[in-house]
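This report examines a single protein chain and describes selected features of its fold and surface. Please keep the sequence and the model in view while reading.

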Amino acid sequence: MIYVLNRHEQVVAILTNNGSPNSCPYYDDVMKESLDTGMSSYEFKVPSNHNVTDLIEEGGYVARTDLDGNLVMFTIMHIEETHGATSEIFVYAETAGMELLNDIVRPATLYSKEAEYVLDFLLQDTRWERGHVDYFGVENFSFEEYKNVVGTLQDVANTFGGELQFRIKMKNGVVSHRYVDLLEQRGKDTKKRFVYGKDIQSIKRTIDMSNVATALIGIGTDGLTFKTVGYYKSNGNPFTKPVNQDWVGDEDALQRYGTQGKHIFGTFTYETSEPETLLKKTWAELQKRKNPQISYEMDVSLLERMADIEEEAVRLGDTVFVVDTTFSPALYLEARVRELETCFSDPGKDRCVLGNFKVVKSNITSQMRAVQMKLLKKEATWDTVKDALDVATQTREETKPIVDSYYDGSFQNGSSNWSQTGIGQTTPPAQVGTVAPSQEADFGANTLQLQGEQTLFSKNAFPISTSRTYKVAFRVRQIIDPTVPGTSGVLVGVACLDENYNDITGGTHRFFVANNVQLAVADDWQVLSGTIVGEGTDVGTFPVGTKFVRPVFTVNYQNGDGTTVVDYFNFEDVTAKVEMDNLLNELSIRTEKNALIQTVMESEEYKVQMGQKVDTTYVKENFVDNETLSSTVSGINNSVDDKIAGLEITALKQRVTDVETKAGEIDFKFTHSGGVNLLKNSVGFAGTDFWTPISGTIYTLQNDELAQLGGGSGWWTKVGTGASLEQAVSVPNSNNYTLSFFMNKTADNATDGRVGIEIYGEGKLITFMGKDAGQGTTKGYEQFTYTLDTELNEVTVRIVAGTGAEAVLTNVMFNMGQIALQWTLASGEVYNTNVKMDMNGIRVNSNSYKGYTAITPQEFSGYAEVPDENNKLVMTRVFSLNKDVTEVSKLDADKEISMSPVKIVPVQSTSYTGWAFIALD
């Protein structure tokens, strides 16, 4: 399906090949995608005699979903109309992201910035925004020329080592968002095999030595070199580069390609003022240039959609294998899909271009080939077990787990991700229903139109736990009433399956959302919802033994002939939300005025005092007149009032009101903020990670007092330093946000004693929270809060301290809503004094020595303080896992070291002390 949009980016027509009446078909279409540039193009033909073609215009747009369900948009650049034996219109369009060619990046310098920051900077004055961005660490950028945004984005992607992707989102038939993604790697490591004679028709190999270098001279900013840096393998580094040497070489490459023992030199330029950074970047570049460029040209066919074989799926960026046993020696290559051509109207025309070839060694030994020949000679014998093998294969297919299945709850692909049967692990796609684009759709731009009684099951089978609570929301309307009253019923729920994907209920599904609810055209859109939890026989529980469920619904129940439109079927786990609602309800009940009074009256202290005050004998003996008795009663009432006042009823009532009015907001917060606290590394457990220093130095501190407050760590400003650091925070949905923290200010100054937190928006100060200069110190830790009501998409939180102030700030919390919540870590963070885990990786500190183990996207290594060649303690990498190689600076083995075909064992006797090399057992 192709959406046709006018110049205002509004959907005006749809091209489809589903054969529906009056629809306009398309053919000879090709979507070309390039991994190197991130760009793509789309071309297609339509019959010129269809009235829809008048809506296709140069400067307009077309949009469609790619093979992975991403919605991509193209600007129509060229239209050709041909009249003859065949009258048709040819349309050529390019990625809508090419409009960024018309946006210019002004000269600027960015130091130590993450990819998210850089993309925000480049896209700030455009119609595009940052989408999904993987973490690549930080880099320096110097934009010196007035260059277009497209070229600059590609330069930035190359620097970070990432890959670009452009996509959009639409709502109600209009483009709502345009995203630029920067991914560490597009595609997957599928291990799909391209084999000569099956999906490869020809292979040509070319070897180019013209750019080989075995050593590189590094050149940084203003002619900087790395002469002053010494790197040695003995310290755990991957290479050796002595001090006073301005080049780094690769010994293995020298042996293979050097000229009579002499290096082949080249140069490498990188903008940095840090010699060590320049050395590391130069070494990384040398690893790319130390080998000849080997290119392969091949004619490749794609079989996934042509033969409907899921295992043959190929996507842009996938890592695949190429096999050609007709080469001598046999050719085994690892490669990536660098260009992909997809023809949606004729899958037989799908093509791809492979690149980034890397030779891999076959694991098939000569002994294995000999065994293979013996087996082939026994082929007739093996034929007798063919039926058994077929049964085993069928069993394996039925029990393998669902991987990368796609749940289309908003019917953007019609009913293709739904089925008319709910039994079995895999089910065939449904053959009913019509995609109906609608501006009334709440999700996406499409709805599903169904005529007559139809029952659809999700092709996805969701694994569930019967102890958790699940919710279904189903949006539906009747657009044509049935001719027989009472036959427009809708049933909504789940089909319950056992571990083998068999139906437990015998076809009586759990319709806990709707069970024959009658619809009518006059009702307009209806949203039906319900929850299911626990095990039992009731419709709102799962049958005992349920392991999987499939969303299921029926429309026009009991053979109705009406027409129904379905917008979405949402299935979600709401256990956390239900628990929160129960907690809030209980709190609300317990803090009602009558409940508080009852609690006071039932307390032992109250009963004792009441017994003393109103003892009958005591009254008779000591109070004989009404005036005195009335005075006593008044005293009792005052005592009761004092007791109730001592419970701070006013504060509790206010708290009840806050809880009731914010219940929905707290639920929203938990659902959308991803961990409540929007600030990363909010109390400094990870040093200044995720924070940008502005001036001076703000220290971090961990002690028992901070642990008792809950944070365990804090920001420490010292007298005489004066410092500030900041963090940019996304604040989507134009909502209320609250910033809170605790601060203990111990030193002040009348002129420069200001300390606290500032909030900025679009470069302007919104507020300051804390103690200004001359306002004195705090009495221990005091809490500061501020609620922000903003229409901005991003604000900056800045910790500031003057030179005359000393303070510790902790439990820094930035959450959605108007109430300051208890401090928590941000989503995905685990911090304490020994363990640090966030999007940068995992770091575990040692308790017995100064050192740590790091697991990051870049490395799995251990570090420790060890003496260097000058006997100075230096934090050094002492071990590292590099693919299948473990690199260590020292190795202490107790008993033996094995390496086929021998092992090394210690020998200590009267005659020998040392190592013995012996054969493996």
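Predicted model: local features only at pLDDT ≥ 70, side-chain atom pairs only at ≥ 80, totals over all residues.

Lys290 is placed in the loop between H4 and strand E20 (293-300), whereas Asp250 belongs to the loop between strand E18 (247-249) and helix H3 (251-257), so the pair ties together parts that are 40 residues apart in sequence. Are these two residues buried or exposed? Both Lys290 and Asp250 are buried. Side chains of opposite charge can pair when their charged atoms come close.

A further salt bridge brings together the side chains of Lys281 and Glu139, at 2.6 Å from N to O. Since Lys281 is part of helix H4 and Glu139 is part of strand E11 (residues 138-143), this pair ties together parts that are 142 residues apart in sequence. Lys281 is partly exposed, with a relative accessibility of 26%, whereas Glu139 is buried, with a relative accessible area of 9%. Lys147 and Asp155 also form a salt bridge, and their closest N and O atoms are 2.5 Å apart. Lys147 counts as partly exposed at 33% relative accessibility, and Asp155 is likewise partly exposed, with a relative accessible area of 36%. The count of salt bridges comes to 26.

## The chain as a whole

The protein chain contains 15 helices and 54 strands. Of its 921 residues, 42% are buried. The accessible surface of the chain comes to about 49300 Å², and carbon and sulfur atoms account for 49% of that area.

## Two buried residues in strands

Val812 is located in strand E44 (residues 806-816). With a relative accessibility of 0%, Val812 counts as buried, because residues under 20% are placed in that class. Val812 and Ser740 are separated by 72 residues in sequence, while their C-alpha atoms are 5.9 Å apart in space. When neighbours within four places in sequence are left aside, the contacts of Val812 include Leu679, Val683, Trp715, Leu739, Ser740, Phe741, Ile757 and Trp823.

Leu491 belongs to strand E30 (residues 489-497). Leu491 is buried as well, with a relative accessible area of 6%. From C-alpha to C-alpha, Leu491 and Asn556 are 9.1 Å apart in space, although 65 residues apart in sequence. Not counting residues up to four places away in sequence, Leu491 touches several residues, among them Phe511, Ala514, Val552, Phe553 and Tyr557.

## Patches on the surface

Which residues gather in a patch of negative charge on the surface? The patch consists of Glu144, Glu145, Asp222 and Glu271. Glu271 lies in the loop between strand E19 (265-269) and helix H4 (275-289). With a relative accessible area of 41%, Glu271 is partly exposed.

A nonpolar surface patch of about 630 Å² is formed by Val888, Leu891, Ile897, Val902, Trp915 and Phe917. Leu891 sits in the loop between strand E51 (885-888) and strand E52 (897-899). Leu891 counts as exposed because its relative accessibility is 67%, and the exposed class covers values over 50%.

## Positive phi angles

Most residues other than glycine have a negative phi. Ser112 has a positive phi of about 50° although it is not a glycine. Ser112 is part of strand E9 (residues 108-114), and it is partly exposed, with a relative accessible area of 49%.

Glu762 also has a positive phi, near 55°, and is a residue other than glycine. Where does Glu762 lie? Glu762 is found in the loop between strand E40 (755-761) and strand E41 (764-771). Glu762 is exposed, with a relative accessible area of 69%.

Key: Residues numbered from 1 in each chain as written. Heavy atoms only, no water. Patch = residues over 30% accessible without salt bridge, like charges linked within 9 Å, V, L, I, M, F, W, Y side chains within 5 Å. Areas by Shrake-Rupley, 256 points an atom, 1.4 Å probe, with all protein chains shown as cover. Salt bridge = Lys/Arg side-chain N within 4 Å of Asp/Glu carboxyl O. Lys, Arg positive; Asp, Glu negative; His and termini not counted. Charge placed at Lys NZ, Arg CZ, Asp CG, Glu CD. Helix = DSSP H or I, 4+ residues; strand = E, 2+ residues; numbered from the N terminus. Buried < 20%, exposed > 50% of the residue type's maximum accessible area, 1.4 Å probe, protein only. Contact = heavy atoms within 4.5 Å.
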